[in-house]
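Colleague: I am new to this structure and would like to learn how to read it. Could you take me through some of its features in turn?

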Amino acid sequence: MDIKFRKLIELGAGKFERLDSDLITHLESTRCLLKEWNADLALQQAGFYYAAYLENELNNSQIETDLRTSVKEIVGSEVENIIYYFSIWDKTHSFNQQLATGDFVFYNKNSGKAESIPHFALCQLCELFVAIELDSVFEGANYASIDKSLANDFLFTLQPFLSVPANRKLKLAKSY
């Protein structure tokens, strides 16, 4: 098992404290999809470690500064930043906004407000989201992060934010 994984388990971060073979398979599949899409190494690792904040995301609870510092020490600052923003992203609010107006806005679920984040970071979050959702389609994983009734429409509105390989896989999933 990956040493960083072990440290996250010891830390009790997110879903790592209740680690099972289904979660490990899902995380590895998510990482592999991102690798297949030629995502940079930090985003690939974020796909493998994003569960560090999953409990906070699911419970809509604040992520403590001490936890962020510890996770940063384990996975690195760039990876932690991706998974942190992924966990505080109010996906449903952003998705509803995107579907209603065509404008994509990052909503911070902790503050309840729209925030400006760099376009590159927004693309990383969208790519991570799509990898997680597609793992649910292809592997039957149950880690989808939004309501299924929204997911199909929303995934296709993200196409401008995705890499060419991710868009290809998304089109394949539509026919799946």
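Modeller: Start with exposure: a residue counts as exposed when its relative accessible area is over 50%, as buried when that area is under 20%, and as partly exposed in between. Keep in mind throughout that this is a predicted model.

Colleague: Is N38 buried or exposed?

Modeller: N38 has a relative accessible area of 64%, so N38 is exposed. This residue sits in the loop that joins α2 and α3.

Colleague: What is the phi of N38?

Modeller: First the general idea: most residues other than glycine have a negative phi. In N38 phi is positive, near 65°, and N38 is not a glycine.

Colleague: Which class do T25 and N167 fall into?

Modeller: T25, a residue of helix α2, is partly exposed, with a relative accessible area of 47%. N167 belongs to helix α10, residues 164-174. With a relative accessible area of 13%, N167 is buried. Once the neighbours within four places in sequence are set aside, N167 is in contact with Q159 and L162.

Colleague: What share of the protein counts as buried?

Modeller: The protein has 176 residues, and 48% of them count as buried.

Colleague: How many helices and strands are there, and where do the strands come in the order?

Modeller: There are 10 helices and 2 strands. Read from the N terminus, the order is α-α-α-α-α-α-α-β-β-α-α-α.

Colleague: How far can I trust the model, and where is confidence lowest?

Modeller: Look at pLDDT, the predictor's confidence in each residue. The mean for the protein is 83, and 81% of the residues reach 70 or more. Helix α4, residues 54-59, has the lowest confidence, with a mean of 63. Confidence is highest in helix α3, residues 41-49, at 96.

Colleague: At what angle do α2 and α3 cross?

Modeller: Helix α2 covers residues 21-36, and its axis comes within 7 Å of that of α3, at an angle of roughly 165°. An angle over 145 degrees counts as roughly antiparallel, and α2 and α3 are therefore roughly antiparallel to each other. The crossing is right-handed.

Colleague: Which residues make the contact between α2 and α3?

Modeller: From α2 come L27, E28, T30, R31, L34 and K35, and from α3 come L43, Q44, G47 and F48. By type, the residues of this contact are 4 nonpolar, 3 polar and 3 charged.

Colleague: How do α1 and α5 pack?

Modeller: Helix α1 spans residues 3-11 and helix α5 residues 65-75; they pack at about 165°, with axes 9 Å apart. That angle makes α1 roughly antiparallel to α5. Their crossing is right-handed.

Colleague: Which residues meet there?

Modeller: On the α1 side they are K4, K7, L8 and L11, and these meet L67, S70, V71, I74 and V75 of α5. The contact of α1 with α5 contains 6 nonpolar residues, 1 polar and 2 charged.

Colleague: What share of the contacts joins residues 24 or more positions apart?

Modeller: Take the contacts with a separation of 6 or more: residues 24 or more positions apart account for 64% of them. T25 and D135 are 110 residues apart in sequence, and their C-alpha atoms are 9.8 Å apart in space.

Technical notes: Residues numbered from 1 in each chain as written. Predicted model: local features only at pLDDT ≥ 70, side-chain atom pairs only at ≥ 80, totals over all residues. Heavy atoms only, no water. Axes fitted to C-alpha atoms, helices over the stretch in contact; angles between N-to-C directions. Helix = DSSP H or I, 4+ residues; strand = E, 2+ residues; numbered from the N terminus. Parallel < 35°, antiparallel > 145°, perpendicular 65-115°, else oblique. Left-handed = near helix turned anticlockwise from the far one by under 90°. Contact = heavy atoms within 4.5 Å. Nonpolar A, V, L, I, M, F, W, Y, C, P; charged D, E, K, R; others polar. pLDDT = per-residue confidence, 0-100. Buried < 20%, exposed > 50% of the residue type's maximum accessible area, 1.4 Å probe, protein only.
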